[in-house]
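Me: I have a structure open and want to learn how to read it. Where do we begin?

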Amino acid sequence: MRPAAAEKVELDEVDRRIVNDLQGGLPLEARPFAIVGERLGISEGELIRRLRRLLDGGALTRFGPLYNADRMGGAFTLSAMAVPAERFEEVAAIVNSFVEVAHNYERDHALNMWFVIGCEDAARVGAVIAEIEAATGLAVHDFPKEEEYFVEFKVTV
Amino acid sequence: MTGLDDIDRRIIKATTVGLPLESEPYHAVAAEVGVPVDEVVARMTAMLETGVIRRIGAVPNHYRLGVSANGMSVWDVDDAAVSEIGPRVGALDFVTHCYRRPRHLPDWRYNLFAMVHGSSRAEVEAHVAEIRALIGPALRASDILYSKRILKKTGLRLAG
């Protein structure tokens with residue numbers, strides 16, 4: 001059984017070293033876990049067992065290559081709407097019904113609904129925005145990225 | 001677009017859910033895709049170099065690791081300074097996404113977005129204070145938009 005969403009997973013010292021050390025840089029070698037294990041002072045087998053446990057316990061969402069979706073030929077944008085409180089659930093259902101909407105968050109601002117649109121075809125992004133506007137009668141503010149400054153994902157535990 | 005061919009796409013499809021946790025994971029991918037392991041390694045190396053693969057390793061679940069507060073910090077930064085300041089904000093270890101995006105005046109004045117993570121709102125706010133100090137005199141206004149609720153979260157779909 002996985003713990004409930006809000007439940008914090010407890011890690012021991014070795015788990016922490018694994019999570020902190022291995023958020024990138026898995027070698028492209030025949031036996032990568034043996035190489036990383038040596039660096040961390042544990043055996044290949046123990047590293048694999050611990051990674052399985054971290055995945056099963058929900059401390060990790062996945063283990064493997066993290067792909068950069070917009071280098072794979074797709075187009076993405078961040079969009080926001082100011083949704084009247086009394087229409088919020090109805091509008092959320094309309095926005096979420098688009099398969100192109102990957103993430104949608106309620107946030108505490110006049111612009112209170114923020115969502116990511118991802119399409120295989122760049123021309124489709126504008127069409128999705130127009131369709132959401134038509135279906136909801138509300139304006140969609142589009143915030144496509146103009147520059148990316150994000151350097152590397154890293155969380156220290 | 002980075003000129004991926006059919007074999008690249010088969011490797012991506014075989015690994016988007018993750019690498020097999022076994023002694024020789026790339027051999028397992030090669031067997032699944034039906035190409036020699038050297039081919040898998042060469043193509044994944046190339047995808048790392050071109051940025052199609054950002055990194056290979058563990059993807060932590062913030063919420064389960066106690067890093068459960070996140071705020072979208074947004075900043076109105078002088079246009080002349082934003083391209084110099086943005087990479088320094090993006091390099092902070094509590095910032096996971098950092099982008100320059102267009103303003104929508106009068107509704108939205110902010111041109112720099114940085115997602116900030118912490119164990120509590122107090123920690124997020126301490127991190128935001130650090131960003132404010134880093135931006136310095138180029139800063140005109142800022143805000144933090146906390147997420148109140150996840151309305152939808154599905155993976156981005158792979159083209160092809």
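Predicted model: local features only at pLDDT ≥ 70, side-chain atom pairs only at ≥ 80, totals over all residues.

Me: Why are an angle and a distance given for two packed helices?

Reply: Because packed helices are described by the angle between their axes and the distance between the axes.

Me: Which residues of H1(A) and H3(A) meet?

Reply: From H1(A) come Val14(A), Asp15(A) and Ile18(A). They meet Leu47(A), Arg50(A), Leu51(A) and Leu54(A) of H3(A). By class, this contact has five nonpolar and two charged residues, and no polar ones.

Me: What domains does chain A have?

Reply: The domain assignment gives domain 1 (1-66) and domain 2 (69-143). Their C-alpha centres lie 35 Å apart.

Me: How many residues does each chain bring to the contact between chains A and B?

Reply: Chain A brings 64 residues and chain B brings 69. Several elements of chain A each supply at least two residues, among them helix H2 (32-40), H3 and strand E1 (60-67). E1(A) gives the most, with eight residues. By class, the side of chain A that touches chain B has 33 nonpolar, 16 polar and 15 charged residues.

Me: What joins E1(A) to strand E1 of chain B?

Reply: Seven bridges join E1(A) to strand E1 (residues 53-60) of chain B. The two strands run antiparallel. Take one pair: Phe63(A) has Ala58(B) as its bridge partner in E1(B).

Note on methods. Residues numbered from 1 in each chain as written. Chains lettered and ligands numbered in written order. Contact = placed C-beta atoms within 7 Å. Helix = DSSP H or I, 4+ residues; strand = E, 2+ residues; numbered from the N terminus. Nonpolar A, V, L, I, M, F, W, Y, C, P; charged D, E, K, R; others polar. Domains from an automatic or database assignment. Pairing = 2+ DSSP bridges.
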